[in-house]
Amino acid sequence: MKYTITGDNLQFVNIEINPGEVLNSVAGAMAYMTGNVRMEAVMEGGLMSGLKRSLSGSSLFLVKYRSENSTGVVGLGGSVPGKILDIDVGKGNWIAQKTAYLGSEPTVKLDMALQKKLGAAFFGGEGFILQKLSGQGMAFINACGDLNVVELKAGEQYKVSTANAVAWEETVQYDIAAAGGIKTSLFGGEGLFVTTLTGPGKIVIQSMTLQDFANALIPYLPSNNS
Amino acid sequence: MAEATNMKKAGTGKAGLGMVLIAVAVIAIIALVIWILTNPDVLAATLTLIVVIVVAIVIIALIIVGIMFIIAIPMYVAKGEQYQDGVDYSLDDVKSVKESSSEDKKNE
């Protein structure tokens, strides 16, 4: 599947679909498509899979795109100002934050993943429910802000502000640690905990969460009184 | 005026019928709500049910917050401030996400 990711902070992923090829996307992600492409909303995997997808922040229905006997192009856009990242799921399973999944080849399986460690689920910032991408092929994820990708070697660890971990390979260990002493915890701005990501494997970190973005905008939102 | 070439049309009659059925269902729901609002006994029972559900949700949320509050400090103490000593990291390992394509991925 040929694709390009274009744009700066509100990116497109432009995907070429040849006859016989199918592209899946989350509902509402389509920004444009050529005239020879048809879209169909499908409850992929049945009702239970759809509900699990919904719980993991994706949509009950996935949208399938097919081109009619010729090559077409579909453009997907994210739902937040940020970046789109292409990940090769065939090289290893990925865990992603809720709402990260944008689209993929149909051979990629999108499922719900549960945070196994109680402490990490409560205080890691990503909650109990995450998205798991497995199978084969390319998948596209998006998140607010700019994204950094780091490939951790075995034993290497990054400490990340809670909720700023966008995605990580399944081989990466996700946990929490204390942010610091009492002064740091109370006045450091990170709260009691930071997220720890320990290699081996790739991790994706965002510069700003959607909640941070919303909080930054709140003082500037127009009100009826002003 | 230029027209798109090789155009075909797929029927949307069944989909339109489905939309009509959805519209009828919405009207039926609105009628049900109006009937509930105009019938005091049913209204009282419905409001009681809503209050019970809301209270249950609030209690569950408070229990979760309570559990988080109770386990936060023991968890903080148990986890401790972890740090690695004598391990080097490089800025070269941190790659920013920029424009890319399937060709870039093949070359990786």
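A residue is counted as buried if 20 or more other C-beta atoms lie within 10 Å of its own, as exposed if 12 or fewer do, and as partly exposed in between, with C-beta atoms placed from the backbone. Helices (H or I, at least four residues) and strands (E, at least two) are DSSP runs, numbered from the N terminus. The model is predicted: local features need pLDDT of at least 70, side-chain atom pairs count only at pLDDT 80 or more, and totals for chains, interfaces and linings use all residues. Residues are numbered from 1 along each chain as its sequence is written, while chains are lettered from A and ligands numbered from 1 in the order in which they are written.

Chain A holds 4 helices and 19 strands. Its radius of gyration, taken over C-alpha atoms, is 19 Å, close to the 17 Å that the globule rule gives for 226 residues, so chain A is as compact as a globular protein of that length. The globule rule is 2.2 Å times the number of residues to the power 0.38. Along the principal axes, the C-alpha atoms of chain A fill a box of roughly 65 × 55 × 35 Å. Of its 226 residues, 39% are buried. Two residues are in contact if their C-beta atoms, placed from the backbone, lie within 7 Å. Among contacts in chain A with a separation of 6 or more, 77% link residues 24 or more positions apart.

Strand E19 of chain A covers residues 201-206. The strand is mostly covered, with 6 of its 6 residues buried. A:Gly201, A:Ile203 and A:Ile205 point one way, and A:Lys202, A:Val204 and A:Gln206 the other. In a regular strand the side chains alternate between the two faces of the sheet. Two strands are taken to pair if DSSP finds at least two bridges between them. Strand E14 (residues 147-152) of chain A runs antiparallel to E19(A) and is joined to it by 6 bridges. Here A:Val149 has A:Val204 as its bridge partner. Strand E16 (residues 165-169) of chain A also pairs with E19(A) in the antiparallel sense, over 3 bridges. A:Val204 is the bridge partner of A:Ala167 in that pairing.

Strand E13 (residues 138-144) of chain A has 7 of its 7 residues buried, so it is largely enclosed by the rest of the structure. Both of its faces are covered. A:Met138, A:Phe140, A:Asn142 and A:Cys144 lie on one side, and A:Ala139, A:Ile141 and A:Ala143 on the other. E8(A) pairs with E13(A) in the antiparallel sense over 6 bridges, and A:Ile87 is bridged to A:Ala139. Strand E10 (residues 101-104) of chain A is another antiparallel partner of E13(A), over 3 bridges. In this pairing A:Gly103 stands opposite A:Phe140.

Chain B contains 3 helices and 2 strands. From the N terminus, its elements run α-α-β-β-α. The radius of gyration of chain B is 30 Å, whereas a compact globule of 108 residues would have one near 13 Å. Its C-alpha atoms fill a box of roughly 75 × 65 × 20 Å along the principal axes. Buried residues make up 3% of the 108 residues.

Helix H2 of chain B spans residues 40-79. At 1.5 Å a residue, times one less than the number of residues, its 40 residues should span 58 Å; the end C-alpha atoms are 56 Å apart, which agrees. H2(B) is hardly covered, with 2 buried residues among its 40. A kink of about 35° lies at B:Ala72, shortly before the proline B:Pro74. This bend is the angle between axes fitted to the seven residues ending at a residue and the seven starting there. Just after H2(B), B:Gly80 takes a positive phi of about 70°.

Strand E1 (residues 2-6) of chain A pairs antiparallel with E2(B) over 2 bridges. A:Ile5 stands opposite B:Ser100.

Across the interface, 27 residues of chain A are in contact with 21 residues of chain B. On the chain A side, the elements giving two or more residues are E1, strand E8 (82-88), helix H2 (118-123), E14 and strand E17 (173-178). The residues on that side divide into 13 nonpolar, 8 polar and 6 charged. Ala, Val, Leu, Ile, Met, Phe, Trp, Tyr, Cys and Pro count as nonpolar, Asp, Glu, Lys and Arg as charged, and the others, Gly among them, as polar.
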